[in-house]
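Please read the points with the structure open.

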Amino acid sequence: MGASSSTEQVSPERREAESLAASTGALTVLEKSFSNLSDPQTQTIPISSLQECFELSIDYQSCEASFKPENFPGLLNHLNHSIVEQFFSAEENGLNWIAFLNGYTKCCGRMTTSDSLNNLLRVFGSTITKSGATTGLQIDSTDCDYKINGHLLPADLLMLLWMCWAMYWDSRNSKGGVKFDLVDVNNLVLSAVSSCGDGGSELNVWDDSLLGSDIQLPIGKLHVWVLKTVPNLPECLVQFVYSRLSKFAPQQEKMEASSSSTNDNHSNSESHTYLLTPGKAWSISLTLRSTMHEEILKTCFAHHDEVKENLLYRASLHGKGLNRFWSNVEGYNGPILLLISATSEDHSWTIGALTHQAYENKDTFYGTSGSLYAISPVFDHFTSSGKEKNFVYSHLHVAGYEAYPKPVGIGFGGSNGNERIFMDEDFSKLIVRHHAYDKTYHPGSLFPNQGYLPTEAQVLDVEVWGLGGKKVKEAQNSFLKREQLFTEQRRKIDLKTFTNWEDSPEKMMMDMVSNPSAVQREKR
């Protein structure tokens, strides 16, 4: 078992298995977990022990979503059996070291996102079957290959997303006994329905009955939708398997595996009051990587105080308007997510813009990269097209006369006067134009039934979240303290300047009024 000694003869099969496992960076954790899970006499892991390792039972306190499939709670009771069955091939005595490594590599090895998604669908299909529920998902497997066909219904997709959410939450929870909320991911389901269903673009997404409808989402189209819209979704299975095996490693490995996760298994109900709810934050995180991915997930998993650290501005809290906005975001030199909730034609919707640099007061477009988001009721995101670089526009009033004044407000994409998104300086009116005006971001609708003509909407609320991490926030806090200090110094009156009455401007004015014909001697 484990790493071989220098004198032990290593078979080519074992050497290859260890090499593939090492390429994932998890070989040390796998060695320790195998040592703790295996039977010392047979040097194999009993199947029952491995199934117990992946057992996931949840106790959710509440659910953000209005529609809840009845089969979901029982579905997760069969997740552990499905994972073991799909990836770990055991002999009569159990799972030996090579089979254990090969099983992990099949599930979590280096592979394309498409293959990783197929693994997730295989686990989901097996879990559905074991739970006794029915689905249109068809998995035809052979000795060395498998094919996935058929379709999912909107309720099936919702359960798949919730299964991923439960696995992801568990992978970030180091204590076990998870209690959490089922987040509202209806925006993702409606996005898939609009993209994959027959006549999806013409469906009324404001109709809640769509979630329980019998609209078929073909697996081929759904596959494309995941890769385009939520490419990080398959990582939930990978992180779950790794985190569960890490818990059977010694304390040092456990701490390393959970260093990036929260140790609190509480429900962050306070964050539900923000525009960036846990469900919306998770949706956006599935499009991001690196620091931004971790920072936005604090809305889902962190304490309320930690969540507030990333909130730079909220119109309903700090006041509406560009000046209030600027006083809260100035000096933050990192990625920034701006969310706008608006209403038009009796429907409310939320859009967003992610910029990878600080906001600047300029009368021209600027920026190096960014993305636009349709967040609710239908989720989508639009990255840079590479054709133009009009990522962001943020312009305040300037002192003095302007012969040709530029628009005052915040904009994204398009050009001056024809921005794809433009919010006025009072944060009361929002104009959204068709993607034909914009060559910076990829095309697509930012809200349902968006037409070619510009849409004018009323702004309900605005939020700005900093995604640069702790150091960027600390740097901004230092900047704001310096600015406050300079402001206080400029407001102070130098009393010595006004103590000499004879030299004061007031004395001169009074002398001129009392005796305007008097000759005033100029002092040289």
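1. Ground rules. This is a predicted model: local features need pLDDT of at least 70, side-chain atom pairs count only at pLDDT 80 or more, and totals for chains, interfaces and linings use all residues. Numbering starts from 1 along each chain as its sequence is written, and side-chain values use heavy atoms, with hydrogens and water left out.

2. Overall make-up. The protein has 20 helices and 15 strands. Both are DSSP runs, numbered from the N terminus: helices are H or I with at least four residues, strands E with at least two. Of the 524 residues, 50% count as buried. Buried means under 20% relative accessible area, exposed over 50%, and partly exposed in between (1.4 Å probe, protein chains only). Take contacts between residues at least 6 apart in sequence: 69% of them join residues at least 24 apart. Contact here means heavy atoms within 4.5 Å.

3. H1 against H6. Helix H1 (residues 12-22) packs on helix H6 (residues 97-108) at about 35°, with the axes 9 Å apart. Axes are lines fitted to C-alpha atoms, for helices over the stretch in contact, and angles run from 0 to 180 degrees between N-to-C directions. The crossing is left-handed. That term applies if the near helix is turned anticlockwise from the far one by less than a right angle; clockwise gives right-handed. H1 contributes Glu13, Arg14, Ala17, Glu18, Leu20 and Ala21, and H6 contributes Trp97, Ile98, Leu101, Asn102 and Thr105. These residues divide into 6 nonpolar, 2 polar and 3 charged. Nonpolar covers Ala, Val, Leu, Ile, Met, Phe, Trp, Tyr, Cys and Pro; charged covers Asp, Glu, Lys and Arg; the others, Gly among them, are polar.

4. H9 against H10. The axes of helix H9 (residues 186-196) and helix H10 (residues 219-229) come within 10 Å and cross at roughly 125°. H9 and H10 are therefore oblique to each other. (Under 35 degrees is roughly parallel, over 145 roughly antiparallel, 65 to 115 roughly perpendicular, and the rest oblique.) Their crossing is right-handed. On the H9 side, the contact uses Leu188, Ser191, Ala192, Ser195 and Cys196; on the H10 side, Lys221, Leu222, Trp225 and Thr229.

5. The buried face of H10. Which residues of H10 are buried? They are Ile219, Leu222, His223, Trp225, Val226 and Thr229. Seen down the axis of H10, the buried residues fall within an arc of 165°, so they line one face of the helix. The arc is that of the directions from the helix axis to the C-beta atoms.

6. His78. This residue sits in the loop between helix H4 (72-75) and helix H5 (79-87). His78 is partly exposed, at 24% relative accessibility. Beyond its neighbours within four places in sequence, His78 is in contact with Thr127, Lys130 and Ser131.

7. Backbone points to check. Most residues other than glycine have a negative phi, and most peptide bonds are trans. Glu345, in the loop between strand E7 (336-344) and strand E8 (347-355), has a positive phi near 50°. Glu345 is exposed, at 73% relative accessibility. Phe427 also has a positive phi, of about 55°, but is buried at 0% relative accessible area. The Ser376 to Pro377 peptide bond is cis, with omega near 10°. Pro377 lies in the loop between strand E9 (370-376) and strand E10 (380-382).
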